[in-house]
Amino acid sequence: MSAQIFSRNANAIFRVILLAIVLLVSGTIVALIGLYLSPWYTEAGVAKAQPIAFSHKHHTADLKIDCRYCHTTVERAATAGFPATETCMSCHSQVWTTSPLLQPVRDSFQTGAPLVWNRIYDLPDFVYFNHSIHVAKGIGCTTCHGDIGAMQLTSKAQPLYMGWCLGCHRDPAQQIRPVDQVFAIDYDVQSLSLAERQQLVVEYKIPTDGRLTNCYICHR
Amino acid sequence: MNAMTHTRIIRIARMAWLPLLFLLAGCHIDMYDQPRYTTNQPSSFFADGRSMRPPVPNTVAMGGFSGDSALMTGKLDGELVAELPAEIILDAALLTRGRSVFDAYCAPCHGLLGDGQGVIAFRGPLVVPSYHTDRLRTMPIGYFFDVATNGINRMYGYGARISVADRWAAVAYIRALQISQNTNVSTLAPAEQTQLQSGSPQP
């Protein structure tokens, strides 16, 4: 009987190793996709520290202050605009005037040094996004910014991946609402039927010929 | 194929993974954060830390202000104007826009009805005057534009926040509020009274 190079269980070990390699490779891929979609990477739903513990819930849902009171350029510019300290002080020179939480606002107002907020929505520089056109065509604030009326501390509501943008650009009727409801924080897009929403798309002259999914629409 | 060439091919084939290194070239963020400033981005270049430079004092945008224009100031020859400037056309669209602007910027203090019972007035110690007094009903319309632009007493000016056209729209809506809140319901047409009772905003 000649000597065996491989032991009796070599085949079994070989199969286990093969399986382990397959599992490792596919597991790594799945894990990477999971990371890519996880809040750890996308920052969706993760509140950031801010110089002032500003509550969107309090100001929008409780006090019913319109988005535009602070984000004044949302209807006419690409960016909605961070409010100037003067905007805060328009009310807070009268209410909560001694609150220690608002000391940074008062300091900023006196010294002229701006409050440095941490940006929540930071699009890559190769993406062109314009707030005013979305607002003018019936895409509401909460469609992208989520249930802002429930956010004590502000966080991103969407990972902002391109596929998500394209979802609307392929079929605007999914998310459209009447323009007079754009700034309503508790509006439910489903309160209009799909047919009614498709009617709005026609009424607002939103192109449905595929132009909205051209690369150049956002990458210009 | 002799053994020599065979070995050489195998040696080259072992290097086949090297082109994968080119993938690493994709690991950079200079397209995400391009060497330019975006709105509100901080800057380490300027001493005050902002990339958006504050305008030199007394700067106005081209076409953004004219001291002797009724449209820009609500005054003509130093007198408050009593009528809307010629550039602003009074129609339903103006009042609809005015309502939207008023509800967003004015209502927090002045209240949705202009009665001075807004949510900020309710919370603070301040007294916000109602529009529905004889003094303000007879005030020329330019007064409201002037106050909206430059502020008055404790109210800050909104000239930097609301565009000229929107300020006039809001002012026109204030006038409409004054009329609507000072109208005897029995003088309305029956159809309008029914509509009012039903609470529906517009037909």
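Helix H10 of chain A is followed by Lys205(A), whose phi is positive, near 55°. The structure is a predicted model, in which local features need pLDDT of at least 70 and side-chain atom pairs count only at pLDDT 80 or more, while totals for chains, interfaces and linings use all residues. Residues are numbered from 1 along each chain as its sequence is written, and chains are lettered from A and ligands numbered from 1 in the order in which they are written. Helices (H or I, at least four residues) and strands (E, at least two) are DSSP runs, numbered from the N terminus.

H10(A) itself spans residues 194-203 and is hardly covered, with one buried residue among its ten. Here a residue is buried if 20 or more other C-beta atoms lie within 10 Å of its own, exposed if 12 or fewer, and partly exposed in between, the C-beta atoms being placed from the backbone.

A positive phi also occurs at Glu43(A), a residue other than glycine, where the value is near 65°. Glu43(A) belongs to the loop between helix H2 (39-42) and helix H3 (56-62) of chain A. Because 17 other C-beta atoms lie within 10 Å, Glu43(A) is partly exposed.

Further along chain A, two helices pack against each other. H5(A), residues 85-92, and H6(A), residues 103-111, have axes 10 Å apart and an angle of about 120° between them. Axes are lines fitted to C-alpha atoms, for helices over the stretch in contact, and angles run from 0 to 180 degrees between N-to-C directions. The crossing of H5(A) and H6(A) is left-handed; a crossing is left-handed if the near helix is turned anticlockwise from the far one by less than a right angle, and right-handed if clockwise. Thr85(A), Cys88(A), Met89(A) and His92(A) of H5(A) meet Val105(A), Ser108(A) and Phe109(A) of H6(A), where contact requires C-beta atoms, placed from the backbone, to lie within 7 Å. This contact has four nonpolar, three polar and no charged residues. In this classification Ala, Val, Leu, Ile, Met, Phe, Trp, Tyr, Cys and Pro count as nonpolar, Asp, Glu, Lys and Arg as charged, and the others, Gly among them, as polar.

Between the chains, 23 residues of chain B are in contact with 22 residues of chain A. On the side of chain B, the elements that give two or more residues are H3(B) and helix H4 (119-123) of chain B. H3(B) supplies the largest share, four residues. That side of chain B comprises ten nonpolar, six polar and seven charged residues.

Within chain B, attention turns to H7(B). This helix, residues 164-180, has 17 residues and reaches 24 Å from its first C-alpha to its last, close to the 24 Å expected at 1.5 Å a residue; the expected span is 1.5 Å times one less than the number of residues. Twelve of the 17 residues of H7(B) are buried, so the helix is largely enclosed by the rest of the structure. Among the buried residues are Val164(B), Trp168(B), Tyr173(B), Leu177(B) and Gln178(B). Their cover includes helix H2 (70-73), helix H3 (92-110), helix H5 (134-137) and helix H6 (141-150) of chain B.

The axes of H3(B) and H7(B) come within 7 Å and cross at roughly 95°. H3(B) is therefore roughly perpendicular to H7(B); angles under 35 degrees count as roughly parallel, over 145 as roughly antiparallel, 65 to 115 as roughly perpendicular and the rest as oblique. The contact includes Leu94(B), Gly98(B), Phe102(B) and Cys106(B) of H3(B), together with Asp166(B), Ala169(B) and Tyr173(B) of H7(B). By class, it has twelve nonpolar, one polar and three charged residues.

The axes of H6(B) and H7(B) come within 9 Å and cross at roughly 130°, which means that H6(B) is oblique to H7(B). This crossing is right-handed. The contact is made by Ile141(B), Phe144(B), Phe145(B), Ala148(B) and Thr149(B) of H6(B) and by Arg167(B), Trp168(B), Ala170(B), Val171(B), Ile174(B) and Arg175(B) of H7(B). Its residues divide into eight nonpolar, one polar and two charged.

The loop between helix H1 (3-13) and H2 of chain B contains Arg53(B). With 9 C-beta neighbours inside 10 Å, Arg53(B) counts as exposed. Its C-alpha atom is separated by 9.9 Å from that of Asn40(B), 13 residues apart along the chain. Asn58(B) is found in the loop between H1 and H2 of chain B and has a positive phi, near 70°. Asn58(B) counts as exposed because it has 5 C-beta neighbours inside 10 Å.

Terms used
Contact = placed C-beta atoms within 7 Å.
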